[in-house]
Amino acid sequence: MREQIPNIITVIRILSILPICWLLWKESYALALALLVLAGLSDALDGFLARRYGWLTRLGAMLDPVADKLFVMAVFIVFGLKGHLPWWLIALVIGRDALIVLGAIIYRLVTGRLDMRPLMISKLNTGLQIFLLATTLLHVALYPLPGWFNLGLQWGVAVTTVLSGAAYVLLWSRYAWRKGES
């Protein structure tokens, strides 16, 4: 049962998405920020517990990245609806994730197995997405940032989103092609 503790923490993080988005929508930024920090700490905690005590499960391996993606997408959408982020960027971020999920399903159907490991460009992309969301919250809640900074960060997210999506498509296509030749 102890090995499920990281999964329980992850599920609680998933359940916190709705109240955080509601607080962002209602512009209760201080409380939203506090809950976002707690969610981030819970993400670090579940990963630490899983690695430290060997509480690694297949469910956890799937739940953790799903929680991260749901969080990022939900906050992107709220910031888009509030006019704080451009819709072209939100569409690009969500489109990349949809492409990766669809690609993973197709890859699994073609090869019979899927071993998901994030690529370095994907980790960079996720880091930039989270940094963009954090700075957007800072910008609207506490301290307006220069327009050039916001725009530069948005373009950085856009470029790494495209590169990450393309890298997965190329990598999985190459793996599937090799599998088909054997």
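Modeller: First, a definition: patches are made of residues with over 30% relative accessible area and no salt bridge, with like charges joined within 9 Å and nonpolar side chains (Val, Leu, Ile, Met, Phe, Trp, Tyr) within 5 Å. A salt bridge is a side-chain nitrogen of Lys or Arg within 4 Å of a carboxyl oxygen of Asp or Glu. Accessible areas come from the Shrake-Rupley method with a 1.4 Å probe, and for residues only the protein chains shown count as cover. This is a predicted model, in which local features need pLDDT of at least 70, side-chain atom pairs count only at pLDDT 80 or more, and totals for chains, interfaces and linings use all residues. Residues are numbered from 1 along each chain as its sequence is written, and side-chain values use heavy atoms, with hydrogens and water left out.

Biologist: Which helix gives the most to the nonpolar patch?

Modeller: The patch is formed by Leu33, Val37, Leu38, Leu41, Leu138, Leu142 and Tyr143, with about 700 Å² of accessible area together. Leu138 sits in helix α6 (residues 120-141). Helices here are DSSP runs (H or I, at least four residues; strands are E, at least two), numbered from the N terminus. With four residues, the top contributor is helix α3 (residues 29-53).

Biologist: Is Leu138 buried or partly exposed?

Modeller: Buried means under 20% relative accessible area, exposed over 50%, and partly exposed in between (1.4 Å probe, protein chains only). Leu138 has 33% relative accessibility, so Leu138 counts as partly exposed.

Biologist: How many helices does the protein chain have?

Modeller: Along the sequence the pattern reads α-α-α-α-α-α-α. There are zero strands, and the helix count is seven.

Biologist: What is the radius of gyration of the protein chain?

Modeller: The radius is taken over C-alpha atoms, and the globule rule is 2.2 Å times the number of residues to the power 0.38. For 182 residues the rule gives 16 Å, and the chain comes close to that, so it is as compact as a globular protein of that length. The C-alpha trace spans about 55 × 40 × 25 Å along its principal axes. The radius of gyration is 18 Å.

Biologist: Is Gln154 buried or exposed?

Modeller: Gln154 belongs to helix α7. Gln154 touches His84, Leu85, Pro86, Trp88, Leu89 and Leu132, not counting residues up to four places away in sequence (contact means heavy atoms within 4.5 Å). At 10% relative accessibility, Gln154 counts as buried.

Biologist: Where is Glu27, the residue with phi near 60°?

Modeller: Most residues other than glycine have a negative phi. Glu27 has a positive value. Its relative accessibility is 45%, so Glu27 counts as partly exposed. Glu27 lies in the loop between α2 and α3.
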